[in-house]
Structure formats: C-alpha cells, structure tokens
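Colleague: I would like to learn how to read a sheet, a helix and a single residue from a model. Can we go through one case?

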Amino acid sequence: GIFVPAIIGIALLSFVLWLVFDPSGGLTHGILATVTVLVIACPCALGLATPTAVMVGIGKGAEKGILIRDAVSLETAGKIDTVVMDKTGTLTEGKPVVTDIVWANGDDRAKAVFFSLEKLSEHPLADAVVHYFAGVPTLNVERFGSLTGKGIEGTVDGVRYFAGSRRLLDEQGIVVGKELNIEAQRLSAEAKSIVWFADSEQALAVAAIADRIKDSSVEAVRELQAAGIDVYMLTGDSRAVAGHIAEKAGIRHFEAEILPQDKAAFVKRLQTLGHKVAMAGDGINDSAALAQADLSIAMGGGSDIAMDVAQMTIISSDLRKIPEAIQLSKQTVRTIRQNLFWAFIYNLVGIPVAAGALYPVSGFLLNPMIAGAAMALSSVSVVANSLRLKYRR
C-alpha cells in the first residue's frame with residue numbers, strides 16, 4: 001500500500017524532471033528512466049525477506065525435533081527471559097515406579113480397590129500404582145471423579161474411596177493413623193512422591209513413588225541459565241520432593257504443593273513483573289499455565305490437550321531442545337533483519353540510479369535490461385541469505 005504508489009510516483013516524477021531539464025532529449029531519457037525505475041524497484045526482496053527466513057527456521061526446527069506452530073511463536077522464543085517447567089514428565093522421565101506401600105495395620109485387603117481406582121486415572125503416578133498391582137483383579141468403580149490437583153474418588157460396593165494427596169484427605173475429614181503418618185514423613189524425607197489411599201473414614205495405605213530426573217534436564221537448565229534465562233520449577237508434590245529434584249537439576253527457584261490454577265497464576269505474576277515467560281509441560285494440569293504463557297512448550301508423549309494448546313512441541317521430550325529453540329529464534333530474527341537491510345539498501349541505491357541521478361555527473365543511464373537482472377539478483381540474494389540459516393549451528 002505504500003511501496004507501489006511511492007515507486008510509481010518516483011517514476012512519474014523522474015519523467016517530468018527529464019522533460020523539464022532536458023528539452024532536447026528529455027522525452028527519450030524520461031521514458032527510459034521511468035521504465036528503468038519501475039523495473040529495478042523490487043518489492044520481491046522486501047516481500048521475501050521475512051517469509052523465506054521463517055520458512056527455513058521452522059523447517060530447521062522440525063529437523064531438530066522442534067515443531068513450531070507459526071512465525072509468531074518462532075519470533076517470541078527469542079524474547080524469552082524466563083522458563084517455567086512442570087516437574088513430572090518434563091524435568092523427570094515421567095515413568096515413576098512404586099518403591100514402597102505401607103498398609104494400615106498390615107491389612108492389604110483393599111488393594112484391588114486401590115488398583116481399580118488408579119486404573120481409571122490419567123496421572124503418571126497412577127500408572128506407577130497400576131503397574132505395581134499388575135495381576136490384581138479389576139473391580140467395578142461407580143461415580144468415578146477426578147479432583148483436579150488433589151486426586152481421584154470412586155465408589156466400590158457402596159463404599160466411597162479416595163486416592164491422592166494429603167490435602168485431599170484433610171479436606172474430606174479422613175482420619176490418618178499415627179503409624180501411616182510417620183511412614184509418610186519418612187518416605188517423603190527420601191524425596192519420594194506420596195499417594196494416600198483411604199475410604200470415607202480413615203486412611204488405608206500410603207504409597208511412595210520415585211521418578212528419576214532426566215539426564216538431559218541438568219544440562220538444559222545449565223544452558224538456559226548460562227544464556228541469562230531464569231528457570232522455575234512448579235509441582236504439586238511436597239516441598240521435600242520438589243527441593244530434592246530442584247537441587248539435582250540445578251534450579252534455584254521452585255514452587256511446591258500448588259494446584260493447576262496456581263501454575264497459571266504464577267506465570268501471570270511473572271508477566272506482570274515484565275518477564276517474557278515460556279511454560280514447558282506435558283499434562284492436562286499444565287494446560288492453563290501453557291495457555292497463559294507468552295510461549296507454550298509441550299513435551300512429546302504428553303497429553304493431547306497440552307500439545308493442542310502449545311505453540312511449540314518438543315517431540316523427543318528432551319529439555320535441551322528448549323535452548324536450541326530459543327537460539328534458532330534469535331538466528332531467524334537476525335536473518336530477517338539482514339534480509340530487510342539489504343532489500344532496503346538495494347532499493348535506496350538502485351532507484352535513484354535508475355532515475356538518472358548519475359547522468360549529470362558521469363553521463364550514465366542504467367539500461368532497463370541490467371535493471372531487470374539486478375532486480376532478480378536482489379531476490380536471489382535474500383533467498384540465499386535465508387538458506388544460510390539452514391547450515392548454522
């Protein structure tokens with residue numbers, strides 16, 4: 001809307017000036033200058049500057065296992081100064097295993113209920129319990145429900161059962177025996193996640209679950225911090241477990257025992273402080289925080305809703321891909337600026353020469369055919385510069 005009318009105006013102005021200042025050959029020179037200005041002006045280079053670089057950047061990301069939704073997501077990644085991560089399945093392998101189960105008074109008759117209840121849950125910790133009880137018969141669970149961020153509930157043979165956090169039991173007014181409470185504290189001190197199992201009156205068992213931190217997580221956190229990016233960890237686990245994982249990963253800031261809506265609120269709080277925040281997660285519980293973040297990153301193998309909300313998806317679940325994505329974004333934006341610079345310089349230099357600016361000094365008039373070749377070369381140079389991005393590390 002600006003470039004084309006401006007070029008047509010310059011072409012007509014150059015024709016008029018030739019007629020005014022060169023009465024003898026002004027018509028011929030004026031027509032030649034007008035045609036040359038129209039030919040050499042290159043909206044192609046300007047128009048190709050951004051999309052070619054973005055196309056190469058998104059393609060390079062895909063080759064690295066980073067699926068980028070659009071150009072805005074790619075550009076935003078380079079502005080990130082804070083990365084917030086979920087713990088389970090993001091920093092850790094997301095393949096927890098049950099290490100201990102302690103039953104109240106040693107009575108494990110309700111293990112089939114525990115197994116059947118957890119079998120209906122989608123949480124990674126529930127998978128650990130299901131694998132632990134492999135081979136136990138499945139019972140019919142009625143009125144099953146998920147209590148977001150707290151646990152699950154269901155009815156078996158007319159009795160209401162719960163599985164989840166200590167907060168869930170406290171809210172339901174369920175009595176926790178002294179023996180189980182002591183065991184839970186001991187297991188929690190070993191940096192294990194605790195899952196309580198209870199009926200509507202008392203706690204029946206406590207399960208300790210361990211989830212190993214990914215080998216790549218420590219390196220990824222170190223790379224992000226070296227780039228001047230703050231890293232936060234959010235989890236619904238106990239403070240002891242969160243502190244243990246954060247220490248192993250090298251993360252200085254973490255929040256424990258928080259609900260899904262708290263994660264979104266935490267991201268928003270960072271944004272109000274002026275930070276550009278990326279959120280990385282893999283579960284349904286992370287979807288609100290992912291939607292709130294400036295850049296949402298889903299880990300491959302996680303829930304469909306997390307990947308649907310996310311602007312980036314890391315196929316391999318390797319956290320080292322996050323600093324790679326940020327670096328790729330910066331390289332792409334740098335390439336776009338280079339392309340725009342050369343496109344503008346080409347037009348700023350080429351158009352006055354095409355209009356005959358050098359004629360009073362040297363008698364030089366640009367041939368329209370040479371102008372056409374120069375116009376094509378400018379587009380080729382922009383595309384070639386974009387393709388250089390493909391081979392950068």
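This is a predicted model: local features need pLDDT of at least 70, side-chain atom pairs count only at pLDDT 80 or more; totals for chains, interfaces and linings use all residues.

Colleague: What is the strand order of the open sheet of seven strands?

Modeller: In general, strands of a sheet pair through backbone hydrogen bonds, either parallel or antiparallel. Here the order is β1-β13-β12-β11-β2-β9-β10, and the pairing is mixed. β1 (66-68) and β10 (253-255) are at the edges with a single partner strand each, so one side of each has no neighbour in the sheet. On average, neighbouring strands of this sheet are turned by 20° against each other, direction ignored.

Colleague: How do strands β2 and β11 run, and how many bridges join them?

Modeller: Strand β2 (residues 82-86) and strand β11 (residues 277-281) run parallel, joined by four bridges. Within that pair, Val84 has Met279 of β11 as its bridge partner.

Colleague: Why is helix α6 described as largely enclosed by the rest of the structure?

Modeller: A general point on helices: an α-helix has 3.6 residues a turn, so residues three or four places apart point the same way. In α6 (residues 111-119), seven of the nine residues are buried, so the helix is largely enclosed. Those buried residues are Ala112, Val113, Phe114, Phe115, Ser116, Leu117 and Glu118.

Colleague: Is Lys390 buried, partly exposed or exposed?

Modeller: Buried means under 20% relative accessible area and exposed over 50%. Lys390 has 36% relative accessibility, so it counts as partly exposed.

Colleague: Where is Lys390, and which residues does it touch?

Modeller: Lys390 lies in the segment after α17 (368-388). Leaving out residues up to four places away in sequence, Lys390 touches Val56, Lys60 and Glu63. The C-alpha atoms of Lys390 and Gly61 are 9.6 Å apart, although 329 residues separate the two along the chain.

Conventions
Residues are numbered from 1 along each chain as its sequence is written. Side-chain values use heavy atoms; hydrogens and water are left out. Helices (H or I, at least four residues) and strands (E, at least two) are DSSP runs, numbered from the N terminus. Buried means under 20% relative accessible area, exposed over 50%, partly exposed in between (1.4 Å probe, protein chains only). Contact means heavy atoms within 4.5 Å. Two strands pair if DSSP finds at least two bridges between them. Axes are lines fitted to C-alpha atoms, for helices over the stretch in contact, and angles run from 0 to 180 degrees between N-to-C directions.
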